[in-house]
Amino acid sequence: MTLSQRMQTLTGGGSDGWDVFIKARKMIAAGTPVTELTIGEHDIRTAAPILQDMHRSAMGGHTGYAMVPGTDALRDMVAERTTARTGVHTTRDNVLITPGGQAALFAAHAAACDPGDTALYLDPYYATYPGTIRGVSAVPQAIITRAEDAFQPRAADIDARASGARSLLINSPNNPTGTVYSRATLEGIAQVCMDHDLWLISDEVYDTQVWEGAHLSPRALPDMAALTLVVGSMSKSHAMTGSRCGWIVGPEEVIGHLITFATHTTYGVPGFIQDASVFALGQGPAFEAEVAAPFLRRRAIAQRVLGSRNTIGMIPAQGAMYLMLDIRATGLTGDDFANALLDHHHIAVMPGESFGQAAAGHVRVAMTIDDAAFEQALRTLADFAEARARAA
Ligand SMILES: Cc1ncc(COP(=O)(O)O)c(C=O)c1O
């Protein structure tokens, strides 16, 4: 029996980028304490009132098949929130509820691309992007962004690769870089999409974590609502990563087709999860700010601790829960640095190479442990980098 090419080539033949993470998990399982700064998961759990609401819903009988597009209540809530945050009139017919942002990314690419079509994305990228594109049998093509631009994409670079492509995937606030795309960047991207008839797939799962400037959804730019598929999620904004609840916002007609696609793939999201999501969204922006607050605090800690250390360059994170650290002065690759830091100091960070070529020589630090432990881990990391740089 042979597996499909799609399955065999999902990671493009290389590593899926999670090697250091898996090594750290194995060390933990073997009893070695490891400070984990790898994965984008809050150090708080889903808030008790949200879980109580989930329990109430499940006990009340909402455990059967839910409506495939999502419950009316949740689709309305997502539509209202989108209208309020972006100013673009949005109704439930513009919304499909999905099992997390990841399923939304997959469905959006399935809607945009036929097998063999080119799907553009920006490097550095969230580790699943190329595999998601290959998963719909499209061909991923990365466009490099540059550390010297603080990883703001250049429209001209995208334009140069756009001919014949079907879609462009962007992510602001960005994982792994923390970059928040400026209005000028997004306007340039929008122009390229219009010039080349590209679907713009806008991953906005970190839209509540903006530390500098403001979040702008490209769907709000002139004429872009017809071309943009926005990916959203409860995971990061409400600390509900395990609940697997996300959405796509897009043109009514596309959502209609995506509902048919969902019928044949996921068959919807559990009703008690959707009810709890309605409850969570009902807590409003103050609750979202509370969930985001620790990352802003830890970003300030990082600025204080690393600001005076010459060996490590910090791209100032404008958003999201990560720091991108430039460790090229150590003479090590991101992979070697991350492996050595794990071996010698039991601190796990993600090598920049896990996120593509543009982040080589960097490591990504997730700001997802308590403040004191985070500060200590950064000091150890900086001391280690300095020792390596002296030895280089
Ligand atoms: C940029 C980005 N997009 C999408 C996702 C997927 O999120 P979820 O499927 O939990 O909603 C993540 C998760 O880390 C992410 O970092």
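This is a predicted model: local features need pLDDT of at least 70, side-chain atom pairs count only at pLDDT 80 or more; totals for chains, interfaces and linings use all residues.
1. Let's start with the open sheet. Five strands make it up, in the order E1-E11-E12-E10-E9, and their pairing is mixed. The edge positions belong to strand E1 (35–37) and strand E9 (313–315); each has a single partner strand, so one side of each is left without a neighbour in the sheet. From one strand to the next, the twist averages 35°.

2. Glu36 has Ala348 as its bridge partner in E11. Helix H2 (residues 19–29) packs on the sheet here, touching E1 and E11, and the direction of H2 makes about 165° with that of E11.

3. H13 lies across E1, strand E10 (322–326), E11 and strand E12 (362–366), and runs at about 165° to E12.

4. Next, helix H11 (residues 284–306). At 1.5 Å a residue, its 23 residues should span 33 Å, and the end C-alpha atoms are 34 Å apart, which agrees. H11 also has a kink of about 40° at Ala292, shortly before the proline Pro294.

5. Where does Asn175 lie? Its place is the loop between strand E5 (167–171) and helix H8 (183–196). Is Asn175 buried or exposed? With a relative accessible area of 2%, which is under 20%, Asn175 counts as buried. Its side chain makes a polar contact of 2.6 Å with the side chain of Arg364. Leaving aside residues up to four places away in sequence, Asn175 touches Tyr125, Tyr126, Tyr206, Tyr322 and Arg364.

6. Finally, have a look at Gly246, which sits in strand E8 (residues 246–249). Gly246 has a relative accessible area of 0%, so this residue is buried. Which residues does Gly246 touch, not counting those up to four places away in sequence? They are Leu96, Ile97, Thr98, Pro99, Gly100, Gly101, Gly232 and Ser233. Gly100 deserves a click of its own: the C-alpha atoms of Gly246 and Gly100 are separated by 3.9 Å, although the two residues are 146 residues apart along the chain.

Key: Residues are numbered from 1 along each chain as its sequence is written. Side-chain values use heavy atoms; hydrogens and water are left out. Helices (H or I, at least four residues) and strands (E, at least two) are DSSP runs, numbered from the N terminus. Buried means under 20% relative accessible area, exposed over 50%, partly exposed in between (1.4 Å probe, protein chains only). A polar contact is a pair of N or O atoms within 3.5 Å; within protein, one must be able to donate a hydrogen and the other to accept it, and residues adjacent in sequence count only if both atoms are side-chain atoms. Contact means heavy atoms within 4.5 Å. The expected span of a helix is 1.5 Å times one less than its number of residues. The bend at a residue is the angle between axes fitted to the seven residues ending there and the seven starting there. Two strands pair if DSSP finds at least two bridges between them. Axes are lines fitted to C-alpha atoms, for helices over the stretch in contact, and angles run from 0 to 180 degrees between N-to-C directions.
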